Amino acid sequence: IRFAGEGDEVAPGVAQDIEFVVEERPHPLFKREDDNLHCAIDISLEEALVGFTRSIKQLDGKELQISNNKVTQPNQEITFANHGMPSSKQPGRRGSLIVHINVKFPPTLTDTQKDRIRAALK
């Protein structure tokens, strides 16, 4: 970002430019896409079938509760309007927070577990 003629005066009436180099660092939870923020949460197969509640700490430090008491599909997204980044083009507006749901399946099941699942889903 350059501010022309805003630096120290090097000669009478001649000022240097001020330049800032902005370097974006990756965040451990959020990824920015324009004014939207994306994050991913993991839930178990049980939580995908019967519901879950999670809390996400937003960039401003506030906690956002995420709940779903319906069946959650793998790779489902939940969008929270106005929980993203402030808009540089529209002051007072914010982007969305888009939460990507990863359903973690168990690596194996015993025969008893398989039988119980079959019985429960009949």
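Biologist: In what order do the four strands of the open sheet stand?
Modeller: In this predicted model, four strands form an open sheet with mixed pairing. The edge strands are E5 and E9, each of which pairs on one side only. The twist averages 30 degrees from one strand to the next. Read across the sheet, the order is E5-E6-E10-E9.

Biologist: Which residue in E10 stands opposite Thr79?
Modeller: Strand E9 covers residues 77–80, and strand E10 covers residues 97–104. These two strands pair in the antiparallel sense over four bridges. Opposite Thr79, the residue in E10 is Ile98.

Biologist: How many bridges join strand E7 to E8?
Modeller: Strand E7 spans residues 52–57, and strand E8 spans residues 63–68. The two strands run antiparallel and form a hairpin with five residues between them. One of the pairings sets Ser55 against Gln65 in E8. The number of bridges joining E7 to E8 is six.

Biologist: Which residue in the turn of that hairpin has a positive phi?
Modeller: The turn belongs to the hairpin formed by E7 and E8, with five residues between the strands. A positive phi of about 90 degrees is found in this turn, and the residue that has it is Gly61.

Biologist: How many salt bridges does a search of the whole structure find?
Modeller: Among them is the contact between Arg2 and Asp17, whose closest N and O atoms are 3.8 Å apart. Arg32 also forms a salt bridge with Asp35, with the closest N and O atoms 3.6 Å apart. For the whole structure, the search gives a count of five.

Biologist: Which residues are linked with Arg2 in a network of salt bridges?
Modeller: Arg2 forms a salt bridge with Asp17. That pair links distant parts of the chain, 15 residues apart, with Arg2 in strand E1 and Asp17 in the loop between strand E3 and E4. The side chains of Arg2 and Glu19 also meet in a salt bridge, at 2.2 Å from N to O. The residues linked with Arg2 in the network are therefore Asp17 and Glu19.

Biologist: Is Arg2 buried or exposed?
Modeller: The cut-off for an exposed residue is a relative accessible area over 50%. Asp17, at 38%, is partly exposed. Arg2 has a relative accessibility of 54%, so Arg2 counts as exposed.

Biologist: How many residues apart in sequence are the parts tied together by the pair of Phe3 and Phe20?
Modeller: Phe3 and Phe20 form an edge-to-face aromatic pair, at 6.1 Å centre to centre and with 85 degrees between the planes. Phe3 lies in strand E1, whereas Phe20 lies in the loop between E4 and E5. The pair therefore ties together parts of the chain whose separation in sequence is 17 residues.

Biologist: Which residues make the nonpolar surface patch of about 440 Å²?
Modeller: Membership of a patch requires over 30% relative accessible area. Phe3, at 39%, is partly exposed, and Phe20, at 48%, is also partly exposed. Val22 lies in the loop between strand E4 and strand E5 and is exposed, with a relative accessible area of 65%. The residues that make the patch are Ile1, Phe3, Phe20 and Val22.

Biologist: How far apart in space are Glu46 and Val103, C-alpha to C-alpha?
Modeller: Glu46 has its place in helix H1, residues 45–50. With a relative accessibility of 58%, Glu46 counts as exposed. Glu46 and Val103 are 57 residues apart in sequence, and their C-alpha to C-alpha distance in space is 9.2 Å.

Terms used
Residues are numbered from 1 along each chain as its sequence is written. This is a predicted model: local features need pLDDT of at least 70, side-chain atom pairs count only at pLDDT 80 or more; totals for chains, interfaces and linings use all residues. Side-chain values use heavy atoms; hydrogens and water are left out. Patches are made of residues with over 30% relative accessible area and no salt bridge: like charges are joined within 9 Å, nonpolar side chains (Val, Leu, Ile, Met, Phe, Trp, Tyr) within 5 Å. Accessible areas come from the Shrake-Rupley method with a 1.4 Å probe; for residues, only the protein chains shown count as cover. A salt bridge is a side-chain nitrogen of Lys or Arg within 4 Å of a carboxyl oxygen of Asp or Glu. Buried means under 20% relative accessible area, exposed over 50%, partly exposed in between (1.4 Å probe, protein chains only). Two strands pair if DSSP finds at least two bridges between them. Axes are lines fitted to C-alpha atoms, for helices over the stretch in contact, and angles run from 0 to 180 degrees between N-to-C directions. Rings of Phe, Tyr and Trp (its six-membered ring) pair if their centres lie within 6.5 Å; planes under 30 degrees apart count as stacked, over 60 as edge-to-face and the rest as tilted.
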